[in-house]
Amino acid sequence: MALPEKLVREFDELVKKYPEKRAGLIPALHRCQEELGGWISPQTLEDLASYFGLEPVEVYGVASFYPMFRLKPAGKHVVSVCHNISCELRGATQLMEHVCKVTGAKPYGTSADGKFTVWPVECQGACANAPMFDLDGVYHEDLTPEKAEKILGGLR
Amino acid sequence: MNKFETWLLDRTKVANSHTLAVYKQLGGYHALAKVLTGAKPMTPAEVINEMKLSEIRGRGGAGFPTGMKWTFMPDPVKDPRPRYLAINADESEPGTCKDRVLMEKDPHGLVEGALIACYAMRAQAAYIYVRGEYRLSYQRVQAAIDEARAAGLVGKNILGTDFSCEVHMHKGAGAYICGEETGLMESLEGKRGHPRPKPPFPAAFGLWGQPTTVNNVETIFNVPFIVLRGGAWHASIGTKGSKGNFLCGISGHVEKPGVYELPFGVTAREIVEQVAGGVWKGRKCKAWFPGGSSCAMVKGEDLDVVLDHDSLKTKGSSLGTAAMIIFDDQTSIARVMEIIARFYDHESCGQCSQCREGTQWLSQIFHRIATGHGQEDDVATIESLAKGMAPGKTICALSDAAAIPTLSAVRLFKDELLECVRQKRDPIPYPRVEYAGAH
Ligand SMILES: Cc1cc2nc3c(=O)[nH]c(=O)nc-3n(C[C@H](O)[C@H](O)[C@H](O)COP(=O)(O)O)c2cc1C
Ligand code: SF4
Ligand code: FES
């Protein structure tokens, strides 16, 4: 299988920003994760390797270095709960507990129905609006267990 | 606190401040016009000179004088290689959340600053490296670049002059180490964010081996103001060695956490009590970080210190990113350090053994102290481990960043840590959920 034509055209534009093609690799990994099922599959690693003229293992070496890339499939919704210091001082632990209860997923795990993955993450740069989580790429800040329940309950 | 002049956050308070129309209404791109097409256009050397006169120091954490950094770029006649500006928008230091405000609400300010900085250093392009999680920042700055390009402000022959310059957005993917300037460059090149040994320094061997300057978002954001109002104006504000206003993100146990613009010279107490509404719930401050988790903790009784580069040294700490984190008197230091040590363990890139092994041990030992499984000599072990990790023993300063808060915790709160070990539990209660880390 090869990369979808749409992504190839996008990447052809993307790499023009840089004097060396390889600089497009991390942005391209992001786009693949967004468009191709929410994770970087072995197939994607191979396809990106051939696009960038690299060995699949080199692409793997990059993808596995960065916490934002998932090398395993995730649930339909990904809740990334910050567990760093400023959030912890304002109730990140209680938030984590509550998120797990509402979603049925454990930290670093996916709920049995495949709907939610809960992922503890380090500081997200929202420390003055703690605690927070990122739900499918959107920040939710100044959270309380009640607010979290409202946001996530709607997706149940 | 006396009244003071502001500029960094003024525009962010106006509706639609992220659009070119509003930015222009508020005087946007006047600095660029002054430099390129004003009655007396400025030479690159003149711009650098204003930056030097301004005495501004980098806002990314290390506080390096910006004007001086710009002079490190080689003479373009002797060294005609392509050259770049890399803008550090990785913002991952725990507690730090200021650059995001500028990028989301005033992205044209950053673009204008980038253009002037590139002009001064004769760089042909700026790459803005934004942490991947900051999606709105990315969208807003990209939209600003697109608008500016359509208006002839980015790209070829800017404002009809022979100055051409590109500004590109680049997305990171969630690694703190990519905020370290050489890790950032490796990452931008599409590799793992492994910091490079220095020398060679970025000005000689940076992005793709070419001369490069790395600056923080807030540093670059100040450039148009300095160009318009003059370096001397900027140098007239602040304290000796710390000039201008800075963005102070304050988080943790205060009534009104937030990102505030303040002049150098205010005390930490003024910030906590007058700006951030005081320690929450009427409690007292037990300890605080002046600028992110990588600097030394300071005791609550030392809040009267001025928040600037030199004054904090008298308390054994440093300004860092000016991201204050406040702990109330019911906070467990073992718990705080458990989290901080876990963070550095998670983020160490693993190239240097002191850092790779040291951060792992610190994390494990603080975890066992905090959970009541501490061993008799654990506090002493932590201290000797941290001393073996810093200063300057590794390729980059992440190892120091892990060691410094650790040593401060041992220095200030040794008895409390020893008490956790002795009682086989943390005497200060707090909720926990146990889960093993995923690296
Ligand atoms: C581990 C580590 C992480 C860093 N993270 C950041 C960051 O997220 N943003 C930033 O601007 N500087 C960061 N820095 C500092 C940069 O290396 C560099 O000093 C700074 O970007 C230079 O810009 P300035 O001179 O404008 O401050 C970090 C440094 C280290 C050692
Ligand atoms: S000090 Fe740590 S983070 Fe920095 S290069 Fe060495 S191992 Fe990597
Ligand atoms: S500590 Fe949670 S966003 Fe910074």
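The axes of helix 13 (residues 333-347) and helix 16 of chain B approach to within 9 Å and cross at roughly 155 degrees. Axes here are lines fitted to C-alpha atoms, for helices over the stretch in contact, and angles run from 0 to 180 degrees between N-to-C directions. Helices (H or I, at least four residues) and strands (E, at least two) are DSSP runs, numbered from the N terminus. Helix 13 and helix 16 of chain B are therefore roughly antiparallel to each other, a term applied to angles over 145 degrees. Their crossing is left-handed, that is, the near helix is turned anticlockwise from the far one by less than a right angle.

The model is predicted: local features need pLDDT of at least 70 and side-chain atom pairs count only at pLDDT 80 or more, whereas totals for chains, interfaces and linings use all residues. Residues are numbered from 1 along each chain as its sequence is written, with chains lettered from A and ligands numbered from 1 in the order in which they are written.

The residues of the contact between helix 13 and helix 16 of chain B divide into 14 nonpolar, 1 polar and 2 charged. In this classification Ala, Val, Leu, Ile, Met, Phe, Trp, Tyr, Cys and Pro count as nonpolar, Asp, Glu, Lys and Arg as charged, and the others, Gly among them, as polar.

Chain B is divided into domain 1 (11-235), domain 2 (245-328) and domain 3 (333-423), with bounds from an automatic or database domain assignment. The centres of domain 1 and domain 3 of chain B, taken over C-alpha atoms, are separated by 35 Å. Contact between these two domains involves 10 residues of domain 1 and 8 residues of domain 3 of chain B, where two residues are in contact if their C-beta atoms, placed from the backbone, lie within 7 Å. On the domain 1 side, 6 nonpolar, 3 polar and 1 charged residues take part.

Ligand 1 is surrounded by 26 residues, of which the closest are Gly58(B), Gly60(B), Gly179(B), Asn216(B) and Thr219(B); a residue is near a molecule if its C-beta atom, placed from the backbone, lies within 6 Å of it. Two or more residues of this shell come from each of helix 4 (66-71), strand 4 (212-216) and helix 16 of chain B, and strand 4 of chain B gives the most, with 3 residues. Domain 1 and domain 3 of chain B each supply at least three residues to the shell around ligand 1. By class, the shell holds 9 nonpolar, 10 polar and 7 charged residues.

Around ligand 2 there are 14 residues, the closest being Cys349(B), Cys352(B), Cys355(B), Thr394(B) and Cys396(B). Helix 14 (353-370) and helix 16 (398-423) of chain B are the elements giving two or more residues to this shell. The shell around ligand 2 comprises 8 nonpolar, 5 polar and 1 charged residues.

Between the chains, 39 residues of chain A are in contact with 50 residues of chain B. The chain A side of this contact has 21 nonpolar, 10 polar and 8 charged residues. Chain A itself contains 7 helices and 5 strands.

Two cis peptide bonds are noted. One joins Ala130(A) and Pro131(A), with omega about -5 degrees, and Pro131(A) is placed in the loop between strand 3 (116-121) and strand 4 (133-135) of chain A. Another joins Lys198(B) and Pro199(B), with omega about -10 degrees.

Technical notes:
Parallel < 35°, antiparallel > 145°, perpendicular 65-115°, else oblique.
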